[in-house]
Amino acid sequence: MHDSGSLFGWLITAGFLLTLLNYPVKLVYRKFVASRPRESKFRRIYVKFQRFIVSNHRFFAFFTALLLLTHVIIQMLYRWFSWTGLIAAGSMVANLLIGSYGHYIKKRRPSAWLVVHRAAGLLLIAAITAHVLKGGR
Ligand code: HEM
Ligand code: HEM
């Protein structure tokens with residue numbers, strides 16, 4: 001069970017990074033792709049890729065939450081309770097709610113929710129890094 005516990009931990013981390021891609025993918029578009037001519041092949045392919053990442057953002061997040069649930073169940077049954085894990089999981093669940101609020105209630109219009117949503121993403125990077133560096137303690 002040790003291995004599957006760590007495996008799910010790494011799967012959550014991968015799902016989280018996929019969710020987070022939203023930001024750098026748009027940044028790269030603004031900085032390097034938007035200036036290319038409309039008929040450029042590279043631009044067309046990049047826009048398709050960006051649309052995939054952005055429109056599936058919430059599903060990456062929801063799927064990651066399922067992996068998180070599995071990780072927590074395995075760790076609580078076979079390993080130990082983790083404070084850094086709890087902080088990471090708490091921030092992730094909170095951000096799931098903030099993102100859902102922004103998407104379904106605010107209809108994706110940026111306002112204060114998006115600032116908090118991005119900040120929580122940074123907090124999550126810190127919390128997950130701490131959790132991994134402490135080997136899940
Ligand atoms: C966003 C939330 C979380 C992420 C991304 C995450 C990620 C990870 C990763 C990548 C590992 C493997 C570390 C390694 O192999 O060195 C791990 C281990 C572990 N995690 Fe989490 N975790 C999260 C939440 C939690 C929570 C909420 C708990 C407990 C309540 C927890 C308990 C543990 C334990 C006990 C280990 C050590 C497993 C072992 O060595 O057997 N984690 N986690
Ligand atoms: C742990 C989970 C999540 C993380 C770490 C996360 C992270 C982020 C980040 C970093 C951005 C900024 C992108 C930008 O600046 O354009 C963003 C934007 C956004 N997120 Fe999330 N998010 C999560 C979950 C969700 C969920 C569950 C939803 C909806 C149900 C959601 C909806 C949105 C929306 C609507 C935007 C605004 C811009 C856009 O449409 O791309 N997020 N998210």
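I began with the order of elements, and from the N terminus on the protein chain runs α-α-α-α-α-α, with a secondary structure of six helices and zero strands; helices (H or I, at least four residues) and strands (E, at least two) are DSSP runs, numbered from the N terminus. I note that this is a predicted model, in which local features need pLDDT of at least 70 and side-chain atom pairs count only at pLDDT 80 or more, whereas totals for chains, interfaces and linings use all residues. Residues are numbered from 1 along each chain as its sequence is written, while chains are lettered from A and ligands numbered from 1 in the order in which they are written.

**Overall.** I found that the C-alpha trace spans about 55 × 30 × 20 Å along its principal axes.

**Domains.** I looked up the division of the chain, which gives domain 1 (1-78) and domain 2 (80-137), with bounds from an automatic or database domain assignment. Their centres, taken over C-alpha atoms, are 14 Å apart, and eleven residues of domain 1 are in contact with eleven residues of domain 2. On the domain 1 side, α1 (2-20) and α4 (57-78) are the elements that give two or more residues, and α4 provides the largest share, seven residues. That side divides into seven nonpolar, three polar and one charged, where Ala, Val, Leu, Ile, Met, Phe, Trp, Tyr, Cys and Pro count as nonpolar, Asp, Glu, Lys and Arg as charged, and the others, Gly among them, as polar.

**Core.** Which residues make up the largest nonpolar core? I list nine residues: I12, F16, L68, A88, A89, M92, L124, A127 and I128; such a core is a set of buried Ala, Val, Leu, Ile, Met, Phe, Trp, Tyr and Cys residues joined through C-beta atoms within 7 Å. At least two residues of this core come from each of α1, α5 (83-105) and α6 (112-133), and the core lies between the domains because both give residues to it. Leaving out residues up to four places away in sequence, I12 touches T64, L67, L68 and H71.

**Helix α3.** By contrast, I checked α3 (residues 41-55) and found that zero of its 15 residues are buried, so it lies largely in the open.

**Ligand 1.** I count 26 residues around ligand 1, the closest being G9, Q75, G85, A88 and G136 (near means a C-beta atom, placed from the backbone, within 6 Å). Two or more residues of this shell come from each of α1, α4, α5 and α6, with the largest share, seven residues, from α1. By class I note 13 nonpolar, twelve polar and one charged.

**Ligand 2.** Among the 22 residues around ligand 2, R58, A61, G99, H103 and G121 come nearest, and the largest share of the shell, seven residues, comes from α5. I record eight nonpolar, ten polar and four charged residues here, and at least three are drawn from each of domain 1 and domain 2.

Conventions:
Contact = placed C-beta atoms within 7 Å. Buried ≥ 20, exposed ≤ 12 C-beta atoms within 10 Å, placed from the backbone.
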